Amino acid sequence: MVTYKKVSHINDVITYEYWPEGKFESGFVSSNTKTKEQKLVKIAPYDVGIGWYWDHMFSRIRRMEEEQDFRDEGWLCWY
């Protein structure tokens, strides 16, 4: 599970803070909505060596881009 919150949307770049398991120290991911380039700004320490959480955030952002629905916050689970 990962929780997230939008921290900025400046020009074409949107940045989200994310928390692995909704409780561990956060990380940051961003995406350029025009070029679709995604960037891991700061990996959450709990995600080092795992990569599940930021990868799921990239998938969520791609979906938000497709739907043109950039939520202010949310969560996602997988199994």
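Author: A residue is buried under 20% relative accessible area, exposed over 50% and partly exposed in between (1.4 Å probe, protein chains only). This is a predicted model, in which local features need pLDDT of at least 70 and side-chain atom pairs pLDDT 80 or more, while totals for chains, interfaces and linings use all residues. Residues are numbered from 1 along each chain, and side-chain values use heavy atoms, without hydrogens or water.

The search finds 4 salt bridges in the whole structure (a side-chain nitrogen of Lys or Arg within 4 Å of a carboxyl oxygen of Asp or Glu). To place them, start with the fold: the protein has 1 helix and 5 strands (DSSP runs numbered from the N terminus, helices being H or I of at least four residues and strands E of at least two). Read from the N terminus, the order is β-β-β-β-α-β.

One of the bridges joins Asp72 to Lys6, with 3.2 Å between the closest N and O atoms. Asp72 sits in the loop between helix 1 (52-67) and strand 5 (73-76), and Lys6 belongs to strand 1 (residues 2-10), so this pair ties together parts that are 66 residues apart in sequence. Asp72 is exposed, its relative accessible area being 53%.

Another bridge is formed by Lys42 and Glu25, at 3.7 Å from N to O. This pair also links distant parts of the chain, 17 residues apart: Lys42 is in strand 4, and Glu25 is in the loop between strand 2 (13-20) and strand 3 (27-32). Lys42 is partly exposed at 34% relative accessibility, whereas Glu25 is exposed at 52%. Strand 4 covers residues 38-42 and also holds Leu40, which is partly exposed with a relative accessible area of 30%.

A further bridge lies within the helix. The side chains of Arg63 and Glu67 meet at 4.0 Å, N to O. Both residues are in helix 1, and their spacing of 4 residues is about one turn of the helix. Arg63 is partly exposed, at 46% relative accessible area, and Glu67 is partly exposed too, at 45% relative accessibility.

As for the setting of these pairs, 35% of the 79 residues of the protein count as buried. The C-alpha atoms fill a box of roughly 30 × 20 × 15 Å along the principal axes.
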